[in-house]
Amino acid sequence: MAITSANQLELLQTAEAVAREKMIDPALVVEAMEESLARAAKSRYGAEMDIRVSIDRKTGRAHFTRVRTVVEDEELENYQAEMTVEQAKQYLADPKVGDTFVEEVPPVDMGRIAAQSAKQVILQKVREAERDRQFEEFQDRAGTIINGQVKREEYGNVIVDVGRGEAILRRNEKIGRESYRPNDRIRCYIKDVRREARGPQIFLSRTDPQFMAELFKMEVPEIYDGIIEIKAVARDPGSRAKIAVISYDNSIDPVGACVGMRGSRVQAVVNELQGEKIDIIPWNEDMPTFLVNALQPAEVSKVVLDEEAERIEVVVPDEQLSLAIGRRGQNVRLASQLTGLDIDIMTEEEESKRRQAEFEERTKLFVDTLDLDEFFAQLLVAEGFTNLEEVAYVELDELTVIDGVDDDTAQELQTRAREQLEEQARKAIERAKELGVEDSLIAFEGLTPQMIEALAKDGIKTLEDFATCADWELAGGWTTEGGQRIKDDGLLEPFDVSLEEAQTMVMTARVLLGWVDPTELEAEEEGEGEDDVETEEEA
């Protein structure tokens with residue numbers, strides 16, 4: 001097609017029509033047209049030339065220009081698009097490097113191939129602009145609920161029409177055995193929006209815990225207004241769910257507000273989730289109290305929290321065990337997801353047996369090491385003594401409070417305990433030396449003989465070996481694999497060495513060996529201390 005006055009306005013009208021249809025900026029379509037015309041002109045005048053096209057936004061007239069740039073003599077490579085300062089003097093009064101000389105060239109008469117190429121450029125530009133608009137629109141809506149219409153099902157995945165694009169609801173994101181037919185209305189949670197080569201991919205979900213949270217936000221005005229907050233959600237999609245809520249207004253009951261009049265609010269959510277049973281639980285900052293609530297409807301007798309290991313031990317009456325665990329472990333699993341803690345459940349009978357076993361073990365320790373009769377050893381255990389160190393180094397008055405123990409008896413007990421500890425330490429050092437432990441590790445401050453023996457059994461025999469250890473190798477820790485928390489046993493864990501203590505000992509060893517500059521270490525510690533102070537002030 002020839003660019004003539006007859007079709008100049010058509011360019012702008014076409015641009016407007018395409019932009020309106022694809023809901024993009026008309027300027028982008030005009031830019032695509034300019035690029036396509038420039039490409040056609042290059043094929044006519046020569047690919048080496050820098051041909052540019054500008055379309056007048058009012059008249060639709062296309063101006064074809066050739067641009068030549070002034071460069072240094074040694075940089076001249078393309079004679080069609082560049083020229084030297086000397087060459088430029090015939091066109092420009094005072095040419096400098098970087099100046100450009102623009103001259104108008106006749107419009108091109110587009111052949112069939114050039115017109116087809118121009119069309120492809122315009123379509124590609126329009127497609128890219130459409131994808132960018134779609135990505136930006138849906139990226140902002142990630143984490144919200146969207147209503148769509150089912151278009152088709154492919155290999156169990158549902159393709160959903162969401163208005164200005166298509167989204168995918170994967171098979172594993174559907175509740176139970178949900179099935180949909182074309183044109184069915186569907187409500188989903190926008191889980192993720194990714195920019196990919198074939199355009200933005202919108203991933204939907206109906207199993208995500210946040211889907212349920214967003215449904216409650218739609219049904220409960222107090223949540224939408226921020227009076228009630230959803231603190232945690234745990235779901236077994238299609239079967240059961242637990243949601244923890246807190247109210248910031250003392251006059252509003254968070255659980256009652258979520259349930260609604262005669263259960264109307266929660267029932268609306270249950271219906272959308274295919275009959276999923278929902279336990280609404282009041283949130284509590286005190287983790288044991290919160291867990292007792294989370295394990296409803298089971299009753300809890302006792303809770304023991306280990307914050308460092310992020311584990312919690314729950315004791316329930318014998319008849320409540322199956323209720324606390326739930327069908328196929330569902331109740332305790334959801335409670336664990338809700339609290340973020342690993343939960344061990346035992347009956348009162350099991351706990352009683354364990355406590356009895358611990359009592360007997362400690363009694364036997366005192367009988368064997370302190371040469372006491374069983375009754376006297378039981379008195380020590382009953383008073384809370386668990387090991388020889390406690391007996392050896394407590395204040396005397398903590399021993400004399402025991403019936404039948406006077407000052408002389410207390411001193412004798414401490415003497416026996418200390419002698420026994422010294423003997424155990426001597427034997428541990430002997431065994432460590434037999435295993436090849438060097439004096440550098442034995443002399444290291446902070447390690448007891450029993451610790452050194454434990455390290456030696458694992459092949460750590462020198463200060464260099466110890467300095468290469470990671471803190472978690474010594475103190476133990478937890479790793480997550482496949483969604484399961486797995487315990488890593490530490491070499492010094494039986495001696496109650498914390499992660500911080502292990503870290504300090506390892507760094508001290510590295511300083512002694514000259515691997516770490518102590519001044520740098522002090523600077524780091526000071527920096528961490530300042531960060532802690534800032535955090536406290538912010539809090």
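This is a predicted model: local features need pLDDT of at least 70, side-chain atom pairs count only at pLDDT 80 or more; totals for chains, interfaces and linings use all residues.
Colleague: What are the ground rules for the values here?
Modeller: Local features need pLDDT of at least 70 and side-chain atom pairs count only at pLDDT 80 or more, while totals for chains, interfaces and linings use all residues. Residues are numbered from 1 along each chain as its sequence is written, and side-chain values use heavy atoms, with hydrogens and water left out.

Colleague: Why is helix H11 called largely enclosed?
Modeller: Buried means under 20% relative accessible area, exposed over 50% and partly exposed in between, with a 1.4 Å probe and protein chains only; 8 of the 10 residues of H11 (residues 330–339) are buried, so the helix is largely enclosed by the rest of the structure. Among them are Val332, Leu334 and Leu338.

Colleague: What makes Lys151 and Glu166 a salt bridge?
Modeller: The term requires a side-chain nitrogen of Lys or Arg within 4 Å of a carboxyl oxygen of Asp or Glu, and the side chains of Lys151 and Glu166 meet at 2.6 Å, N to O, so the pair qualifies. Lys151 lies in strand S5 and Glu166 in strand S7, so the pair ties together parts that are 15 residues apart in sequence; strands (E, at least two residues) and helices (H or I, at least four) are DSSP runs, numbered from the N terminus.
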